[in-house]
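Please walk through this structure with me, strand by strand and then charge by charge. Keep the model open alongside the text.

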Amino acid sequence: MTKKSIRTLVKGNTVKKKAILSLAVAGFMVAGLAACSSDGGSGGGGGDKGLIGVAMPTKSSERWIQDGDAVKSQLEDAGYTVDLQYAEDDIPTQVSQIENMITKGAVALVVASIDGTTLTNVLDDAKSADIPVIAYDRLLRDTDAVSYYATFDNQLVGNQQAWSVLNGLGLTELDGTAKADAPAGPFNIELFAGSPDDNNATFFFNGAMEVLQPYIDNGTLVVQSGQTEFTAVATLRWDGETAQSRMEDILTSTYSGDTKVNAVLSPYDGISRGIISALESSGYTVGAEWPIISGQDAELDSVKAIVTGEQYATIFKDTRDLAAKAVEMTTAVLNDEEPEVNNTTDYDNGEFVVPSYLLVPSIVVKDNIQTELIDTDYWTAAEVGL
Ligand code: BGC
């Protein structure tokens, strides 16, 4: 409607004029909103289906940047506007980011928590406002406000981390099958776990110990430091520097002379890089006496470290697939449909067993970087240095 036609229509009639003007203003606003959403869209999606808040823990780890980007673009392609926020591992920041999303009128929330137990109150607010919440990769604990959980099979991730270590030592195949010509050992191993406030960390550690414990019990593996309990080996916030200083302490206190560490169970690539730095500063060099080190996330620097032999393996969890699953769950809930789940037993969050979809992770070693990461377009050969 042009200004001229409004003037013609309302001539001499103030009430009508006001009504028509507000109609026109509303029209401009709709046009403005449409412009905003297409500005924000990276996949050319609409945005008029509503705002979805996506809360991610930190940008300090590459995987969460990939997760955030993938969730955002897939939601935009589905017609939503996305408010993607990173909290730099600061819990109050994440709480206030989620509060803001609720205030802005989000129709759904996708949340990868920093500490899975600290969002109970803000998620209660979401529930009161009828906003569905999808837990992304990490379980949201102590709340009944979460609808569904999209993640990988975290117990299997732990099994795979342990299998990769055993494989590197020559004891098993990558799937954990014992090798006929396995060396007798004993091998010295040190254990690291993730952040104690992340529900995944215990799953990874328990999954790994399920595999390693029999080898420790029969003397094939020896934890020289004696540090085997989760509480002793956990790494707050998955922090690489914390892991580095713990590894340095272990090397100084436990490994001297001919006693060398042969393997390190590491739950995450950033922790593995800390462990590698500690080994280097203690005089270890890549070669015969360099230990077997596991990891997780297929972060670029760590894939490069696998190519150069500093790290033996990582666990690949394709963030694009996880994003797709979370987006599928979110849109299903918003359309009053039931999303597909494949686990309704394992993820009790303290309030109830959260219906979950578990994707399947895979082990990456030097020999399968090409098929797992390059052929799937996760990294290019040039990026990883192949
Ligand atoms: C994720 C892992 C990641 C770790 C540290 C966990 O919750 O499942 O993939 O390595 O957090 O960011």
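Two strands count as paired if DSSP finds at least two bridges between them. Helices (H or I, at least four residues) and strands (E, at least two) are DSSP runs, numbered from the N terminus. The model is predicted: local features need pLDDT of at least 70, side-chain atom pairs count only at pLDDT 80 or more, and totals for chains, interfaces and linings use all residues. Residues are numbered from 1 along each chain as its sequence is written, and side-chain values use heavy atoms, with hydrogens and water left out.

Start with the open sheet. Four strands make it up, in the order β7-β6-β8-β9, and their pairing is parallel. The edges belong to β7 (221-222) and β9 (292-293); each has a single partner strand, so one side of each is left without a neighbour in the sheet. Inside the sheet, β6 (residues 187-191) and β8 (residues 263-265) pair in the parallel sense over three bridges. Here E190 stands opposite V264 in β8.

A cis peptide bond joins G185 and P186, with omega at about -5 degrees. P186 sits in the loop between α6 (154-168) and β6. T259 lies in another loop, between α9 (240-254) and β8. T259 and Q224 are 35 residues apart in sequence, yet 9.3 Å apart in space, C-alpha to C-alpha.

Accessibility needs its cut-offs here. Buried means under 20% relative accessible area, exposed means over 50%, and partly exposed is in between (1.4 Å probe, protein chains only). T259 is partly exposed, because its relative accessible area is 31%.

Move to another strand pair. Strand β3 (residues 108-111) and β4 run parallel, joined by three bridges. V110 has I134 in β4 as its bridge partner. In a regular strand the side chains alternate between the two faces of the sheet. Which residues cover the two faces of β4? V133 and A135 lie on one side, I134 and Y136 on the other, and all are buried.

Turn to charge. Side chains of opposite charge can pair when their charged atoms come close. A salt bridge is a side-chain nitrogen of Lys or Arg within 4 Å of a carboxyl oxygen of Asp or Glu. By this rule the count is 13 salt bridges.

E76 bridges to K72, with the closest N and O atoms 2.9 Å apart. Both residues lie in helix α3 (residues 62-77), four residues apart, about one turn of the helix. E76 is buried at a relative accessible area of 3%. K72 is partly exposed at 21%.

Another reaches across the chain. D137 forms a salt bridge with K317, the closest N and O atoms being 3.9 Å apart. D137 lies in the loop between β4 (133-136) and β5 (146-152), and K317 in the loop between β10 (313-316) and α12 (319-334), so the pair ties together parts that are 180 residues apart in sequence. Both D137 and K317 are buried.

A further bridge involves α12. The side chains of E340 and K325 meet at 3.6 Å, N to O. E340 lies in the loop between α12 and β11 (356-359) and K325 in helix α12, so the pair ties together parts that are 15 residues apart in sequence. E340 counts as partly exposed because its relative accessibility is 46%. K325 is buried, with a relative accessible area of 8%. Elsewhere, salt bridges that share partners join R63, D67, D137, D297 and K317 into one network.

D297 counts as buried, because its relative accessibility is 7%. D89 also has a positive phi, near 60 degrees, and is not a glycine. D89 is found in the loop between β2 (81-86) and α4 (91-103). Its relative accessible area is 23%, so D89 is partly exposed.
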